[in-house]
Amino acid sequence: MSIFEILNTLLLKPLELVFEVVYMLAYKIIENPGLSIIALSLFMNFLVLPLYMRADAIQEEEHALEKKLQEGVDHIKKTFSGDERMMVLQTYYRQNHYKPVYVLRSAVSLLLQIPFFIAAYRFLSGLNLLQGVPFGPVADLASPDGMLQLGDLAVNIMPFIMTAVNLVSCVIF
């Protein structure tokens, strides 16, 4: 069994099952596939919220530690060069219980989101209930939107809208 099969079995399949249950409950209450997707999205955000909060705390700790060490790092970089600089920096980091790998901790929130998005994509892309269902300006929820026609070329603008919303939420949070 490969690592991907293990991750699929232990992480993605259970998430897909949770998404299916939430979607079907929302659909039974709302009776609108598009609004049920929005309800699923809100649920997913509330589900991931504690992970976001912990990741933000880790990121703040990392920034505080970097700020605390910055004066010493600047002095070392100004005073030493080459291999000597590297050895003095490593010693300085070791004395302050810091590892340069800690910089990657700021990417934790992104890494935590990936399984949720993969599971949501897999669930929604296989949902036959969305076939031929219009929602707002989107003619078919199961197909690319193609809302902008440039000659023979159909341009999907929903990914651009989604990116803009994500950028705005990044700026806010």
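In which helix is I38 found? I38 is found in helix α2, where helices are DSSP runs of H or I with at least four residues, numbered from the N terminus. The model is predicted, so that local features need pLDDT of at least 70 and side-chain atom pairs count only at pLDDT 80 or more, whereas totals for chains, interfaces and linings use all residues. Residues are numbered from 1 along each chain as its sequence is written, and side-chain values use heavy atoms, with hydrogens and water left out.

With a relative accessible area of 41%, I38 is partly exposed, a class that lies between buried (under 20%) and exposed (over 50%), as calculated with a 1.4 Å probe and protein chains only. I38 also belongs to a nonpolar surface patch of about 800 Å², which is made by I29, I30, L35, I38, L42, F46, L49 and M53. Two or more residues of this patch come from each of α1 (3-30) and α2 (33-79), and α2 gives the most, with six residues. Patches of this kind consist of residues with over 30% relative accessible area and no salt bridge, with nonpolar side chains (Val, Leu, Ile, Met, Phe, Trp, Tyr) joined within 5 Å and like charges within 9 Å. A salt bridge here is a side-chain nitrogen of Lys or Arg within 4 Å of a carboxyl oxygen of Asp or Glu, and accessible areas come from the Shrake-Rupley method with a 1.4 Å probe, for residues with only the protein chains shown as cover.

The loop between α1 and α2 contains E31, which has a positive phi of about 60° although it is not a glycine; E31 counts as exposed at 62% relative accessibility. A positive phi, near 55°, is also found in H97, a residue other than glycine, which lies in the loop between α3 (82-95) and α4 (108-125) and counts as exposed at 68% relative accessibility.

Helix α4 contains I114, which is partly exposed at 38% relative accessibility. I114 and N156 are 42 residues apart in sequence, and their C-alpha atoms are 23 Å apart in space.
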